[in-house]
Amino acid sequence: MGLIRVFVDDTSVEVREGSTALEAIRAAGLNVPTACHDERLKPSGACRLCLVKVDSGAKPVASCSLEARDGMKISVSEPDLVQYRKGLLAMLAQNYPREYVDAYPEKTFHHWLVEYGLKEKCQGETGNGAVDRSNPYFRFDPNACIECYRCVRVCSELQGSFVWQIVDRGTGVRVSPDSFGSLADSTCRSCGACADACPTGALVDKEREAKGAAKSWTRTTCPYCGVGCELSVGTKDGRIVQVLPVKDAPVNKGHLCVKGRYAHAYVHAPDRATSPMIRRDGKLVPVSWEEAVKTVAAEFQRLLDAHGPGSVGVLGSARAPNEDNYIAQKFARTVLGTNNVDCCARVCHGPTAAAMKTVLGTGAATNSYNDIERAQTLLVIGCNPSENHPVVGERIKQAKFNGANLIVVDPRKIEMADYADVHVALRPGTNVAFLNAMACAVFEQGLEDAAFLFGRTWNHAEFREFVAPWTPERASEVCGVPAGTIREAARLYATSKPSMAFHGLGMTEHMQGTEGVMCLVNLALITGNIGKLGSGINPLRGQNNVQGSAHMGCEPSSLTGYVAIQDGFDVHTQVWGQVPPTAKGLNLMDMMDAAAEGTFKGLWTIGYDIYFTNADAEKTRQSMENLEFLVVQDLFVNETAREFADVFLPACSSFERDGTFMNAERRVQLVRQAVPHLPGTKPDWEIVQDVAAAMGHPEGFEFSSAEEIWEEVRKVWKAGAGMSYARLESGGLQWPCPSEDHPGTTILHVDRFPVGEKANLALTEYIPTPEITTQEFPMVMNSGRSLYHFNAGTMTARTKNAEIRPTDTVDVHPDDAADLGFSQGEVVRIVSRYGSAELPVRIDRGLRRGEVFTTFHSVSRFLNKVTGPTRDRIVGSPEYKVTAVRLEKV
């Protein structure tokens with residue numbers, strides 16, 4: 001877009017074409033009151049406070065909804081306009097509570113009341129008994145509502161939840177939650193967008209109300225899922241008092257979910273670990289840092305001397321910054337001398353990385369979140385963005401509301417399925433059969449992109465022949481989906497282009513997880529939905545830095561940059577001044593197997609509760625008990641530490657340190673320290689450096705800041721060489737970004753693939769999981785996350801999210817519940833071949849009969865005592881998504 005010149009009073013300014021008159025006014029250094037306007041929403045002009053005159057016209061117009069034109073003359077300060085605005089503000093102030101003006105000066109309505117000298121006109125009272133405090137995070141006082149309807153619009157236009165409703169007419173008009181009662185009884189998801197948008201004291205964060213205004217603000221990156229939302233963290237007296245969305249963030253565009261905005265109380269939770277501990281007489285007891293570090297160093301050295309480097313290993317953390325993971329894998333390779341290094345990507349998106357790297361040459365998302373708004377069709381398969389990646393989920397919903405097609409592939413009728421053009425409710429574990437049938441249907445209907453096939457793939461003829469037997473009718477028998485539904489989905493994806501696919505752990509956590517992702521890539525290739533705007537294959541990564549932790553080298557077969565050891569050998573040798581080991585390393589699951597066999601002796605796990613989160617907990621217990629030495633490093637004494645750790649080391653949270661995270665769209669963003677770290681805790685990288693020095697290897701571990709570490713990362717990772725901290729300052733950059741003048745890469749594989757000009761389509765036969773139902777175990781259990789909790793619950797269980805969702809549940813179809821005699825909330829026992837757990841029942845019509853769904857966040861429920869030993873055939877990820885079970889009365 002070009003620039004246009006606009007005249008505001010006596011000032012000439014240049015603004016981009018398409019800007020509003022209000023934006024031109026602000027560019028000129030002036031401002032006018034607004035009540036209904038929010039830059040995240042479509043302009044409405046309803047409040048009339050921003051009226052101006054244009055080109056000497058007599059009739060005032062709303063500047064927020066008026067598009068600026070080249071040469072336009074905007075009058076802002078004429079006395080009659082000022083008086084008109086003052087009159088409107090005075091009218092709104094009549095019944096407004098004056099005490100809120102002083103209590104919340106940051107609210108824009110309050111600013112304008114003071115600016116126009118109208119605070120004394122406020123004669124209203126607070127709602128007192130009428131104030132709705134039922135939501136744990138914000139309260140609603142209807143007496144302070146000025147009917148601007150920003151809450152209504154932000155809930156619909158940004159969040160897509162439609163909770164706030166306009167009720168009644170005339171003088172009785174008001175806003176109300178959709179329960180027409182309390183917020184607690186409504187469908188509110190507690191994202192806080194309404195409280196953020198509200199210009200008055202009607203909607204206010206409770207923590208802001210209780211603790212007062214923040215004294216300083218820090219821009220940083222969210223510590224939860226892999227979306228990578230940017231936060232503005234407000235602090236006071238060394239504590240977080242409020243978190244707001246960064247309005248100009250390229251990822252979240254001024255929005256947050258309940259976790260990112262509110263679930264930060266864990267940072268100062270009373271049970272934060274603030275002292276190293278050593279197990280003595282069966283109990284973990286506090287010790288000094290010096291003693292803990294010496295013990296770790298001595299024990300690892302003992303194991304190395306006795307059993308060699310293959311007997312020990314390190315697990316990096318998907319919750320820790322890139323710099324910390326880089327140091328962890330460098331320690332494993334240069335101090336311990338082993339490639340036994342991994343992270344929790346092994347149990348989630350390891351299959352994605354392997355599949356996409358095999359077929360395309362890069363194991364990461366091909367496109368960017370901004371392509372959501374460019375896509376004509378969105379395929380959401382094996383993921384539940386509304387719950388697990390809410391900000392991306394709401395962008396997908398808004399794209400659907402604005403005309404995009406939506407295909408949802410999920411065994412359950414998740415919320416997004418309510419809006420889908422096609423919902424494919426397939427049986428868990430049948431992704432390969434379904435995607436082969438989709439490919440067959442594309443060819444069958446002549447919908448393939450012939451030019452792309454011939455120009456960008458090698459074996460298209462062989463692939464066409466391979467999938468031909470996988471007719472939708474054949475797949476229908478396997479997947480439990482009508483053949484017509486498969487054809488409809490194939491037709492929509494192949495013809496309404498560009499089509500963009502998002503997938504999650506419902507694709508990867510299967511015996512054929514890696515192969516399933518390959519089949520999804522096949523579908524994109526045969527339809528030409530790769531290397532273009534609004535298209536591609538885009539994994540929704542589960543944790544804030546799970547993409548980065550593996551990419552930094554916490555992966556046994558890859559060095560920094562996710563390059564094979566032989567490919568990165570020379571540059572790492574040069575930078576490290578030491579030859580990296582070349583012996584084949586063990587991944588996490590290999591380590592557990594080797595520990596059970598007695599050949600793996602010592603493990604250092606960072607920010608990762610293995611015992612609680614690994615599938616088949618009983619086998620994990622046997623492996624952990626067989627270790628000679630275990631170090632656990634975390635914010636809290638987690639289940640792994642409580643049961644098995646010999647040494648516990650307390651680490652900092654991401655709010656207490658600097659660094660970078662890498663989100664699911666390959667974007668590297670800064671993490672900035674917002675509060676001092678708790679006394680007794682340290683950043684993970686500092687702890688690792690201390691141990692390296694104690695083992696007589698300080699060389700290469702003498703960094704004084706995260707930025708220094710990042711500078712070394714840039715030297716060994718060519719695709720990230722252009723990403724200095726200075727360049728990451730605002731919004732981050734997407735790799736590849738090989739030089740300081742490179743803008744970053746929003747779309748991969750535009751002209752060629754890293755594997756060459758053409759890719760090979762994967763020929764993948766469907767293999768049923770061995771985890772089958774029987775008369776003894778007649779139901780299939782699927783599992784996943786809840787909106788309100790995050791993985792092991794280490795962080796969210798220590799926040800008020802636990803009030804909203806206090807426990808895991810087992811979701812059961814109402815007919816199955818009736819047959820079994822279960823009622824809502826009744827605690828029942830889930831029994832599998834591997835163990836049992838007790839969870840309360842939640843009745844859900846969105847399930848297929850014979851299938852149940854469980855969440856896995858509650859330590860008290862410990863769902864992984866039920867899940868089994870089946871693993872992905874290629875990378876070893878556990879099959880969390882299919883377990884044969886029975887449900888019984890407790």
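**Loops, strands and the whole chain**

Analyst: Let us begin with Phe180, whose place is in the loop between β8 (174-177) and α6 (193-197); helices (H or I, at least four residues) and strands (E, at least two) are DSSP runs, numbered from the N terminus. This is a predicted model, where local features need pLDDT of at least 70 and side-chain atom pairs count only at pLDDT 80 or more, while totals for chains, interfaces and linings use all residues. Residues are numbered from 1 along each chain as its sequence is written, and side-chain values use heavy atoms, with hydrogens and water left out.

User: ok, is Phe180 buried or exposed?

Analyst: Phe180 is exposed, because its relative accessible area is 56%, and the cut-offs are under 20% for buried, over 50% for exposed and partly exposed in between, with a 1.4 Å probe and protein chains only. Phe180 also has a positive phi of about 55°, although it is not a glycine.

User: and what about phi at Ser190?

Analyst: Ser190 has a positive phi too, about 60°, and is not a glycine either. Ser190 lies in the loop between β8 and α6, but its relative accessibility is 3%, so Ser190 counts as buried.

User: Switching topic: how many helices and strands does the chain have?

Analyst: The protein chain has 30 helices and 35 strands. Buried residues make up 64% of its 890 residues, and along the principal axes the C-alpha trace spans about 85 × 70 × 65 Å.

User: what's the radius of gyration, and what should I compare it with?

Analyst: The protein chain has a radius of gyration of 28 Å, which agrees with the value near 29 Å that a compact globule of 890 residues would have. The radius is taken over C-alpha atoms, and the globule rule is 2.2 Å times the number of residues to the power 0.38.

User: Now β20, where is it and how covered is it?

Analyst: Strand β20 covers residues 499-503 and is mostly covered, as five of its five residues are buried. Ser499, Ala501 and His503 are on one side and Met500 and Phe502 are on the other, and both faces are covered. In a regular strand the side chains alternate between the two faces of the sheet.

User: which strands pair with β20?

Analyst: Strand β17 (residues 377-381) runs parallel to β20 and is joined to it by five bridges, and strand β21 (residues 536-539) pairs with β20 in the parallel sense over four bridges. Two strands pair if DSSP finds at least two bridges between them.

User: can you give me some partners? what is the partner of Thr377 in β20?

Analyst: The bridge partner of Thr377 in β20 is Ser499. Towards β21, Met500 has Gly536 as its bridge partner, and Ala501 has Ile537. Both faces of β21 are covered as well, with Gly536 and Asn538 buried on one side and Ile537 and Pro539 buried on the other.

User: what kind of peptide bond joins Lys497 and Pro498?

Analyst: That bond is cis, with omega about 0°, and Pro498 lies in the loop between α18 (483-495) and β20. The bond from Trp735 to Pro736 is cis as well, with omega near 0°, and Pro736 is found in the loop between β29 (733-734) and β30 (779-784).

User: Another sheet then: in what order do the five strands of the open sheet come?

Analyst: The order is β2-β1-β5-β3-β4, and the pairing is mixed. Its edge strands are β2 (11-16) and β4 (61-62), each of which pairs on one side only. Strand β3 (residues 51-54) runs antiparallel to β4, and two bridges join them; Leu51 has Ala62 in β4 as its bridge partner.

User: Last one, what does Ser317 touch?

Analyst: Leaving out residues up to four places away in sequence, Ser317 touches Asn325, Ser549, Ile606 and Gly607. Ser317 is found in the loop between β15 (312-315) and α10 (322-334), and Ser317 counts as buried because its relative accessibility is 2%.

Key. Contact means heavy atoms within 4.5 Å.
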